[in-house]
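User: I'm new to reading protein structures and would like a close look at one part. Could you walk me through the charged side chains here?

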Amino acid sequence: GASGVVLAADSNKVSGNYVGADATGTKDLGNGEDGVQVSGSKNTVGGATAGERNIISGNAGNGVELTGIFTTGNKVLGNFIGADKNGAPVLGNSGNGVYISGPGNTLGGTTAAARNVISGNAGSGVSIVGTDATGNRVLGNSTFSNGGLGIDLYDDGPTPNDSGDTDAGPNNLQNKPVLTSAKKSATGTTAIKGTLGSTPNSTIRVQFFSNPSGADEGKTLLGTRSVTTDGSGKVSFTFSTKQAIRLGQNITATATGPGGNTSEFSAPKRVVAS
C-alpha cells in the first residue's frame with residue numbers, strides 16, 4: 001500500500017530486486033506509492049552489472065524518487081524503470097520514471113552497464129524539480145515511450161532556452177542543444193549538426209540519441225562529444241556516427257554543463273538523405 005523500498009539513511013545499496021513486478025519480472029504487482037524512495041545521501045540503486053539491476057515497475061507513484069534538499073550523492077545505475085525484465089515498456093509506473101528534488105545525484109553513466117532503461121511510465125522519464133535540485137547528471141540512459149518528456153526540468157513541459165543561460169531552477173535550467181540537420185550519406189555515416197548557447201567559456205558534454213519515433217526522448221545513445229563555448233557563450237558542432245540509423249528516425253541531444261547540470265532533450269531532428 002505504500003512505497004516498496006524507503007531509504008532515509010546514507011550509504012546503502014539496493015540491488016537485484018523486483019520492486020513492483022512479480023517473480024517472473026513480467027507482471028504487475030505494483031506498490032501503492034513509489035517503487036524506491038530515497039531521502040538520504042550516497043546510496044546506490046542498482047549497479048553496473050546485470051545481477052545488480054533492479055526491475056522497478058508497475059508502481060502507483062514514481063519508479064525512483066530522490067526526495068529533499070539533503071538527498072545528494074546518490075546513484076541510480078543499470079535499472080529497468082517502467083520496463084519488464086526484457087526491457088519492454090509494458091509495466092510503467094503511474095508517476096514519473098525518476099523524480100529528483102535533491103542536488104548532486106547521478107542517473108546513468110558512461111558505460112553501457114550503468115545506463116538505465118526508463119520507459120512506459122505515465123509521467124516523464126525523468127522529472128527534476130525545485131531550485132535546490134542542481135548538479136544532477138542524467139547520462140546515457142535509454143529513455144522512451146513515456147507519457148511526458150524524456151527529461152523535464154520543473155515538471156512543466158518543454159523549457160525554452162534563454163540568452164546566456166543565466167536563469168535559475170532545477171539543474172540551473174541548463175540550455176539544451178539546437179539540432180539544425182541530421183543527414184545520412186550513401187556510405188551509412190550520419191552527420192548531425194547543431195548549436196548550443198550556454199555560459200561563456202564552458203566545456204559542455206553533448207550526448208546524441210536516436211529514436212524510432214516521437215519527440216523529446218532518447219532511446220539509443222549514439223555517442224558523446226565535448227564542446228567549448230566562446231566568450232559569448234556560443235558554439236557550433238558536428239557529430240558523425242556509423243551506427244545503424246534509418247532515414248526518418250529522430251535525433252535528439254542533451255547538454256551537461258561543468259557543474260553536472262543536464263538539460264532537457266533537444267527538439268528532434270529527422271534523419272534525411274544527404
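User: Is Glu264 buried, partly exposed or exposed, and what is its relative accessibility?

Analyst: Keep in mind that this is a predicted model. Glu264 has a relative accessibility of 3%, so it counts as buried. Its side chain meets that of Lys176 in a salt bridge, with N and O 3.3 Å apart. These partners come from distant parts of the chain, 88 residues apart: Lys176 sits in the loop between β16 (151–153) and β17 (178–184), and Glu264 in the loop between β22 (250–256) and β23 (269–270). Lys176 is at 13% relative accessibility, so Lys176 counts as buried too.

Now stay in the loop between β16 and β17, because that is also where you'll find Asp162. Asp162 is buried yet has no salt bridge. The nearest side chain of opposite charge is Lys176, and that is 10 Å away. What does the side chain of Asp162 reach, then? A polar atom of it lies 2.9 Å from the backbone nitrogen of Thr166, and the side chain also reaches the backbone nitrogen of Asp167 at 3.2 Å. If you skip neighbours within four places in sequence, Asp162 is in contact with Asp167 and Asn175.

Back to pairing: the structure holds two salt bridges. Besides the Lys176 and Glu264 pair, there is one between Glu52 and Lys13, whose closest N and O atoms are 2.4 Å apart. Glu52 is in the loop between β5 (44–46) and β6 (55–56) and Lys13 is in strand β2 (residues 13–14), so this pair ties together parts 39 residues apart in sequence. Lys13, at 48% relative accessibility, counts as partly exposed.

How values were computed:
Residues numbered from 1 in each chain as written. Predicted model: local features only at pLDDT ≥ 70, side-chain atom pairs only at ≥ 80, totals over all residues. Heavy atoms only, no water. Salt bridge = Lys/Arg side-chain N within 4 Å of Asp/Glu carboxyl O. Helix = DSSP H or I, 4+ residues; strand = E, 2+ residues; numbered from the N terminus. Buried < 20%, exposed > 50% of the residue type's maximum accessible area, 1.4 Å probe, protein only. Lys, Arg positive; Asp, Glu negative; His and termini not counted. Polar contact = N/O pair within 3.5 Å; in protein donor to acceptor, adjacent residues only side chain to side chain. Contact = heavy atoms within 4.5 Å.
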